[in-house]
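Subject: Structure for you to look over

Dear colleague,

Here is the structure I said I would pass on, with my notes below it. Please read the notes with the model open beside you.

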Amino acid sequence: MTADIISGKELSAQIKRNLSQEILQLKEKNLVPKLVVVLVGDNPASLSYVKGKEKAAAEVGMDSDLIRLPVETSEQELLSLLDQLNQDSSVHGILVQLPLPEQIDEQKVIDRIDPKKDVDGFHPINIGKMMTGEDSFLPCTPYGIIEMIKSKGIEIEGKHAVVIGRSNIVGKPVGQLLLNENATVTYCHSRTKNMREFTQKADILVVAIGRENYIKSEDIKEGAVIIDVGINRTVEGKLTGDVDFEGCKDKAGFITPVPGGVGPMTITMLLSNTIKAAKGLTG
Ligand code: GUN
């Protein structure tokens with residue numbers, strides 16, 4: 001069996017075309033969705049991510065601002081900036097790029113963003129709503145993963161979904177979203193014993209552990225849906241995921257590549273959340 005490859009690149013392009021149309025319609029009503037991204041410091045990976053977000057916003061005709069603050073910015077300065085952005089009615093979505101320098105408490109920052117502008121879906125109010133199944137901003141990577149699975153007409157209900165990783169950004173919320181879709185969900189993480197016993201039983205396997213080639217062909221079930229959230233750099237500088245793609249692609253039913261898989265979907269769902277914020281649908 002050769003797996004059907006779920007291209008996040010193609011699906012993103014398709015969704016972005018629809019988002020562009022939606023923005024044109026909003027512009028006719030004098031509403032221009034606007035995203036503000038805040039970057040503290042000059043971490044090269046973070047800078048590259050935020051540039052990608054700005055570029056994608058421009059592609060769909062959305063306004064965006066990048067606010068760059070020096071690495072020594074105090075927590076109070078950042079919180080005051082968020083107060084201003086929360087008050088500014090021309091700003092619909094606010095994203096503070098993580099990680100933050102150590103003098104700043106990340107949770108305090110997340111808590112300060114108006115939940116109606118929390119397009120990352122990280123505010124406890126939005127996380128709580130996600131858990132109860134109320135309309136909310138969904139965290140972008142998990143949201144993108146669900147959209148990728150659904151785009152192939154894959155039934156989630158009743159399936160055994162195994163999530164490897166328990167971060168607040170990916171692992172925990174993707175498990176919750178799969179549960180909301182009526183999957184039976186198992187979480188595995190760095191302290192799980194006999195991980196393979198779980199991965200081999202997974203109908204849907206989401207891998208977000210951050211280790212190159214962590215999941216190999218012998219770890220997966222024939223015909224499984226394999227979602228690779230990893231972004232690792234090989235010693236040669238090549239981007240690679242957490243899954244041995246070449247080894248697994250002849251055994252899986254569906255598989256996401258890296259690059260061109262989950263990554264592009266994350267930014268696209270951020271744009272979608274920002275449009276939703278502009279329309280004032282959530283919070
Ligand atoms: N850092 C890595 N991923 C993310 C993300 O999805 N949102 C924010 N704000 N920071 C990140």
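Asn 30 counts as exposed because it has 6 C-beta neighbours inside 10 Å, and the limit for that class is 12 or fewer. Please keep in mind throughout that this is a predicted model. Asn 30 sits in the loop between helix H1 (8-28) and strand S2 (34-40), and its phi is positive, near 60 degrees, in a residue other than glycine.

On the peptide bonds, two cis cases came up. One joins Leu 98 and Pro 99, with omega about 0 degrees, and Pro 99 is in the loop between strand S4 (93-96) and helix H4 (106-112). Another joins Val 258 and Pro 259, again with omega about 0 degrees, and Pro 259 falls in the loop between strand S11 (254-255) and H10.

Leu 98 also belongs to the surroundings of the ligand, together with Leu 95, Val 96, Gln 97, Asp 120, Cys 140 and Ile 169. Sorted by class, that shell holds five nonpolar residues, one polar and one charged.

The UniProt record, an unreviewed entry, places a "binding site" feature at Gly 165, Arg 166, Ser 167 and Ile 231. Ser 167 is in the loop between strand S5 (160-164) and helix H7 (171-180), and it is partly exposed, with 15 other C-beta atoms within 10 Å; leaving aside neighbours within four places in sequence, Ser 167 is in contact with Lys 172 and Ala 208. Ile 231, in the loop between strand S8 (225-228) and strand S9 (232-233), is likewise partly exposed, with 17 C-beta neighbours inside 10 Å. Not counting residues up to four places away in sequence, Ile 231 touches Leu 239, Val 258 and Gly 263.

Helix H7 has Gly 171, Pro 173, Val 174, Gly 175, Leu 177 and Leu 178 as its buried residues, and these pack against helix H5 (124-132), helix H6 (140-151), S5, strand S6 (184-188) and strand S7 (204-207). After H7 comes Asn 182, whose phi is positive, near 75 degrees.

As for the overall layout, the protein is divided into domain 1 (29-114) and domain 2 (138-263), and the C-alpha centres of these domains lie 28 Å apart. Which residues touch the most other members of the largest nonpolar core? They are Ile 204, Leu 205, Val 206, Val 207 and Ile 226, in a core of 79 residues. Helix H10 (residues 262-278) contributes the most to this core, with nine residues, and at least three residues come from each of domain 1 and domain 2. In soluble globular proteins, nonpolar side chains tend to be buried together. Leaving aside neighbours within four places in sequence, Ile 204 is in contact with Ile 149, Lys 159, Ala 161, Leu 178, Ala 183, Ala 224 and Val 225, and Leu 178 is one of the buried residues of H7.

With best regards

Technical notes. Residues numbered from 1 in each chain as written. Predicted model: local features only at pLDDT ≥ 70, side-chain atom pairs only at ≥ 80, totals over all residues. Core = buried A, V, L, I, M, F, W, Y, C linked by C-beta atoms within 7 Å. Buried ≥ 20, exposed ≤ 12 C-beta atoms within 10 Å, placed from the backbone. Helix = DSSP H or I, 4+ residues; strand = E, 2+ residues; numbered from the N terminus. Domains from an automatic or database assignment. Contact = placed C-beta atoms within 7 Å. Near = placed C-beta within 6 Å. Nonpolar A, V, L, I, M, F, W, Y, C, P; charged D, E, K, R; others polar. UniProt positions renumbered as here; feature names shortened; annotations may be inferred.
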